[in-house]
Amino acid sequence: GVTDLLQRVKFMGLVTEYDSRLFDEYENRLSRLVQEKSTLLQKRSDLIISKNKAENKKVEYKQEKEGQKRFLRKLKREKSLGIQIQKELIKASEELDHIISKQVKRHSEGGRFNIIDHKGRLSLPVKGPALNHFGKKWDKNYDSYIVFNGVNIKVPQNTSVRTIYSGKVLYTGFLDGYGDLIIIGHGSNIHSVYGHLNKIICRVNQKVRKGQIIGKSGGSGSILGDSLYFELRKDGKAIDPYSWVRMAKK
């Protein structure tokens, strides 16, 4: 009867209330799971980014290490090249010594030349900036000392090369390290040397006057490009040419 109906209604209410609680609890759990999944996905994304960063750093480190190895190899090559250049300069200088001593024995230089009296008042054979200083210098590019017995003067090819003083042509020809060169004796055991020439306009035994054109500049045998190599020697030893030049500027 009515009592049974009321009991059924009450039971249905209890069931509905229980189902509602279950549904709310399910929704909460589902929401937490979705949030946890989102958090996990974010962490996974962060881990992937971190992994990629680590891989990039590894590649950068490897590249940097390779770069350091290349740099060290380059330094070794340059140092080796510097030593080789120094050896070649010494060998070329010895060859020049031999040529000068040989030619002095064969030719009279003419004692009437007074170049000593003109020290500090001579002019360079060409006008241009010096590419090196005379003497022993530390070259940071080659990590080594390099000795220069003369100066390389930067000038365009085919610039007229003039004698610094009157004298006698003792030698013309090609010499390793100097290219085509001319040696002139000025008396008092002083010789001037003009190298890396493009053209020689004088002959052995020819007497030349101060300022006379004896050749054209070039770059033969030069590692510095178009330039004139100029050297002065006294008693067979190289001397600083700028100490003999008027208003010397190094």
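**Figure 1. Strand β10 and its pairing partners in the predicted model.** Strand β3 (residues 151-154) pairs with β10 in the antiparallel sense over four bridges, and one of the residue pairs that can be picked out here is Lys154 with its bridge partner in β10, Ser227. This is a predicted model, and the values in this and the following legends are computed from it. β10 also pairs with β7, again in the antiparallel sense, over six bridges, and in the view of β10 His191 stands opposite Arg233. Strand β11 (residues 237-239) is joined to β10 by three bridges, and these two strands run antiparallel; Leu232 stands opposite Ile239 of β11. How many of the eight residues of β10 are buried? Seven of them are, and the strand is accordingly described as mostly covered.

**Figure 2. The turn between β10 and β11, and two further residues with positive phi.** The hairpin formed by β10 and β11 has two residues between its strands, and within this hairpin Asp235 takes a positive phi near 55°.

**Figure 3. The aromatic pairs.** Two aromatic pairs are present in the structure. In the pair of Tyr178 and Tyr229, the ring centres lie 5.2 Å apart and the planes make an angle of 65°, so the arrangement is edge-to-face. Tyr178 comes from the loop between β5 (167-175) and β6 (179-185), whereas Tyr229 comes from strand β10 (residues 227-234), so this pair ties together parts that are 51 residues apart in sequence. Tyr178 and Tyr229 are both buried. In the pair of Tyr194 and Phe230, the ring centres are 5.6 Å apart and the planes stand at 40°, so the pair is tilted. This pair, too, links distant parts of the chain, with Tyr194 in strand β7 (residues 190-200) and Phe230 in strand β10, 36 residues apart. Tyr194 and Phe230 are both buried.

**Figure 4. The nonpolar cores and the surroundings of Ile182.** The largest nonpolar core has 24 residues, and those with the most contacts inside it are Ile164, Ile182, Tyr194 and Ile214. Which elements give two or more residues to this core? They are β3, β6, β7 and β10. When neighbours within four places in sequence are left aside, the residues in contact with Ile182 include Val169, Tyr171, Val193, Tyr194, Leu197, Ile200 and Ile214, and Thr172, Ser192 and Cys202 are also among its contacts. A second, separate core has ten residues, including Leu96, Ile100, Leu175 and Val193.

**Figure 5. The setting of Tyr165.** Tyr165 is found in the loop between β4 (160-162) and β5. Its relative accessible area is 10%, which is under the 20% limit, and Tyr165 is therefore buried. The side chain of Tyr165 is joined to that of His118 by a polar contact of 3.4 Å. The C-alpha atoms of Tyr165 and Gln212 are separated by 8.6 Å, although these residues are 47 residues apart along the chain.

**Figure 6. The whole protein, as context for the close-up views.** The secondary structure comes to one helix and eleven strands, and from the N terminus on the elements run α-β-β-β-β-β-β-β-β-β-β-β. Of the 250 residues of the protein, 31% count as buried, and the protein exposes about 16,600 Å², of which carbon and sulfur atoms supply 54%. Among the contacts in the protein with a separation of 6 or more, 68% are accounted for by residues 24 or more positions apart.

Note on methods. Residues numbered from 1 in each chain as written. Predicted model: local features only at pLDDT ≥ 70, side-chain atom pairs only at ≥ 80, totals over all residues. Heavy atoms only, no water. Phe/Tyr/Trp six-rings, centres within 6.5 Å; stacked < 30°, edge-to-face > 60°. Buried < 20%, exposed > 50% of the residue type's maximum accessible area, 1.4 Å probe, protein only. Polar contact = N/O pair within 3.5 Å; in protein donor to acceptor, adjacent residues only side chain to side chain. Contact = heavy atoms within 4.5 Å. Areas by Shrake-Rupley, 256 points an atom, 1.4 Å probe, with all protein chains shown as cover. Pairing = 2+ DSSP bridges. Core = buried A, V, L, I, M, F, W, Y, C linked by side-chain atoms within 4.5 Å.
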